[in-house]
Amino acid sequence: MKVIGIETSCDETGVAIYDTTVGMVSQSLHSQIDLHAVYGGVVPELASRDHIRRLPALIRQALKDAGASMADMDAVAYTAGPGLAGALLVGASVAESMALAAGIPALPVHHLEGHLLSPLLAADPPTFPFVALLVSGGHTQLMAVTGVGAYALLGESLDDAAGEAFDKTAKLLGLGYPGGPQLAALAEQGAAGRYRLPRPMLHSGDLDFSFSGLKTAVLNVVTAADWQSSHAADLAADFQQAVIDVLCAKALAALKHTGLKSLVVAGGVGANRALRARLDQAVRKRGARVYYPEPALCTDNGAMIAFAGAQRLVAGERPNSSPGIRIRPRW
Ligand code: KG4
Ligand code: ZN
């Protein structure tokens with residue numbers, strides 16, 4: 001079975017083709033970072049327009065690289081949500097139209113399911129069941145995953161997502177967009193320990209998170225009369241350390257709570273090197289193992305959507321055959 005996947009939920013236009021017997025046969029991706037950088041964040045209207053501009057060429061490229069045509073495809077999977085409504089509409093309209101024209105089903109996919117299953121595409125993938133730590137720009141969640149479509153929420157952020165906290169804190173430190181990777185790079189030049197930042201909900205006894213207070217604590221440091229911008233790298237390191245402390249402690253607690261021995265980390269913040277180093281060490285100490293997607297698949301891409309769609313078909317899902325543009329921005 002061959003599935004072409006389309007991702008347009010935010011600021012990356014991704015297309016990929018997954019073959020259930022061969023694996024990922026092609027991937028094409030365009031990042032809109034340069035387009036939004038001058039505004040310091042994603043401008044939804046510009047994102048939608050750029051998805052429209054980029055999709056046809058990316059689709060042609062993905063088919064060409066796979067040596068295939070739409071006649072070879074068995075389904076079109078697309079991100080139906082959550083995400084920016086206009087951006088989702090572009091991907092959904094294109095995917096549903098292609099499916100209608102080719103006489104094959106269209107599969108609306110949950111963006112987070114794409115992230116969640118992406119570590120299964122790695123060379124040494126985990127097997128079910130596992131605990132998933134999803135850390136993206138919009139979500140921070142711990143889940144018990146027992147199979148495709150079998151996800152039990154164990155805990156989540158009550159306010160900002162981890163990636164959102166990175167992005168907002170980066171802005172406070174005067175860094176550009178996208179903030180997360182820039183803050184992480186700055187943190188690597190500093191040393192943690194100069195600032196005492198909170199570890200929100202570390203001892204809450206549940207598996208929920210909160211990150212907005214941490215961002216406020218950073219705001220208080222940078223607006224204080226004695227703030228010295230030459231200490232920005234140290235502050236970045238302390239912020240990153242605080243986020244990692246909480247993510248790591250809660251992930252370990254989730255392993256303990258479920259009795260599971262595998263932890264899967266997915267979503268953009270999963271690309272953070274310091275987080276990976278800490279988790280690797282802490283999880284190994286518990287006699288468990290941690291799995292990540294390949295670095296290129298941590299952030300948004302079409303491959304995870306093609307793969308999630310294919311897994312759903314393999315699991316026996318019967319797609320809704322009536323045409324319709326199904327987006328759920330707040331899914
Ligand atoms: O999964 P993703 O690409 O998009 C969403 O579904 O949200 O995640 C993007 C988020 C952004 O908040 C970005 O700043 C953050 O992941 N991020 C990072 C790093 N790389 C991306 N945060 C910390 N360290 C990184 N290396
Ligand atoms: Zn994402």
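Modeller: Two residues are in contact if their C-beta atoms, placed from the backbone, lie within 7 Å, and an angle between axes runs from 0 to 180 degrees between N-to-C directions. Please keep in mind that this is a predicted model.

Biologist: Which strands does helix α10 lie across, and at what angle does the helix run to β1?

Modeller: Helix α10, residues 303-314, lies across β1 (2-7), β2, β3, β4 (75-81) and β5, and runs at about 135 degrees to β1. Those strands form an open sheet of 5 strands in the order β3-β2-β1-β4-β5, with mixed pairing.

Biologist: What makes β3 and β5 edge strands?

Modeller: β3 (23-31) and β5 (106-110) each have a single partner strand, so one side of each is left without a neighbour in the sheet. From one strand to the next, the twist averages 20 degrees.

Biologist: How do you know that β2 and β3 pair?

Modeller: Pairing requires at least two bridges between the strands, and β2 (residues 12-19) and β3 have 8 bridges in the antiparallel sense, so they count as paired. Thr13, for example, has His30 in β3 as its bridge partner.

Biologist: Why is Ala254 called buried?

Modeller: The cut-off is 20 or more other C-beta atoms within 10 Å, and Ala254 counts as buried because it has 20 such neighbours. Ala254 lies in helix α8, residues 232-258, and, leaving aside neighbours within four places in sequence, is in contact with Val131, Leu142, Leu154 and Leu207. Val131 is 123 residues away from Ala254 in sequence, yet their C-alpha atoms are 7.1 Å apart.

Note on methods
Residues numbered from 1 in each chain as written. Chains lettered and ligands numbered in written order. Predicted model: local features only at pLDDT ≥ 70, side-chain atom pairs only at ≥ 80, totals over all residues. Helix = DSSP H or I, 4+ residues; strand = E, 2+ residues; numbered from the N terminus. Buried ≥ 20, exposed ≤ 12 C-beta atoms within 10 Å, placed from the backbone.
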